[in-house]
Amino acid sequence: MASKVIKLLSGSEMPVLGFGTFLSEPGKVEVAVLEALRTGYRHIDCARVYNNEKEVGAALKEAFESGVVKREDVFITSKVAAGMMGSSAEVGLSLRQTLDDLSVEYLDLLLIHQPISVQGDFPACQPRRSGFGMQDIWRSLEALHAVGLVRNLGVSNFQAQMLNDVLEYSVVKPAVNQIERHPHLQQNKFVEWARQQGVYTTAYAPLGAPQVVAMRGVEIEPLLSSEVIVRIAKKHSKTPAQVLIRWNYAQDVFVIPKSVTPSRIKENFDIFDFELDCEDMKAIAELDCNGRVFDQEWTGVPVFH
């Protein structure tokens, strides 16, 4: 079975269930992406700063050449790195490097990865005072869109005020805002407001980012072992991960779980044979606690304050 799609403002159809590549380490991501395409994923989410786009590109190239899937049937997203937004030339270079690494001639969606242009090395970055602001960056993206290198534009980690600003000055309107979203951080009012403006939401960290929570020692209950989620999973004879993915999917929020384990890649795709009922959705709604995992303060700016 295939994922449902949502038609963006441009007319492009974007599959709601996608495959993420964040923290997919080199040496494993090529095999993982190829396995995802063979499983049925038709939406691949990438980023310049993930430092694995060459391997993603190798998987795409093999899939296209071997007949697993055609290029026009895969929706490919990438993101302009926050450290490459100091000029129009830098923004263009970031995209062209991505296209080269992914071995494709165009992207279906290009996002501004962070609302802050930075300088310095992660995680000790600082805002870049280059005189080239967000409106200038957006104009650079629109120029790339005009020559056919990108079919849709969007943003990531933008709050409502910044997204509203982009909507005010943009000629090519943002189609998507990619944000952290899971039952601990639901952001329902923001998601609904954005949708009313024609901007759909992509949920990253849909499983609650268990890897990052473990690494950072964040004091929050892991969603995969949440009593509520586990109970709902048992009720539907599904796994907690499948329940969490289905939760976003059911709300027409693009969702991009990631894994390099073949069995989990297949498991995360197997969400089409059940539905969460009103009782399930109400129980999950009560898990909301503003439990943000990614504060993005490595940019040198308290982004979400």
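Me: Which residues are buried in helix α8?

Reply: This is a predicted model, in which local features need pLDDT of at least 70, side-chain atom pairs count only at pLDDT 80 or more, and totals for chains, interfaces and linings use all residues. Residues are numbered from 1 along each chain as its sequence is written, and side-chain values use heavy atoms, with hydrogens and water left out. Buried means under 20% relative accessible area, exposed over 50%, and partly exposed in between (1.4 Å probe, protein chains only). Helices (H or I, at least four residues) and strands (E, at least two) are DSSP runs, numbered from the N terminus. In α8 (residues 227-236), the buried residues are Val 228, Ile 229, Ile 232, Ala 233 and His 236. Seen down the axis of α8, they fall within an arc of 130°, so they line one face of the helix; the arc is that of the directions from the helix axis to the C-beta atoms.

Me: What does the face of α8 turned away from its buried side carry, and what covers the buried residues?

Reply: That face carries the exposed residues Glu 227 and Lys 234. The cover includes α9 (240-250) and α11 (278-285), where contact means heavy atoms within 4.5 Å.

Me: What is the order of the strands in the open sheet?

Reply: Two strands pair if DSSP finds at least two bridges between them. The eight strands have the order β3-β4-β5-β6-β9-β10-β11-β12, with parallel pairing. β3 (19-20) and β12 (254-255) stand at the edges, each with a single partner strand, so one side of each lacks a neighbour in the sheet.
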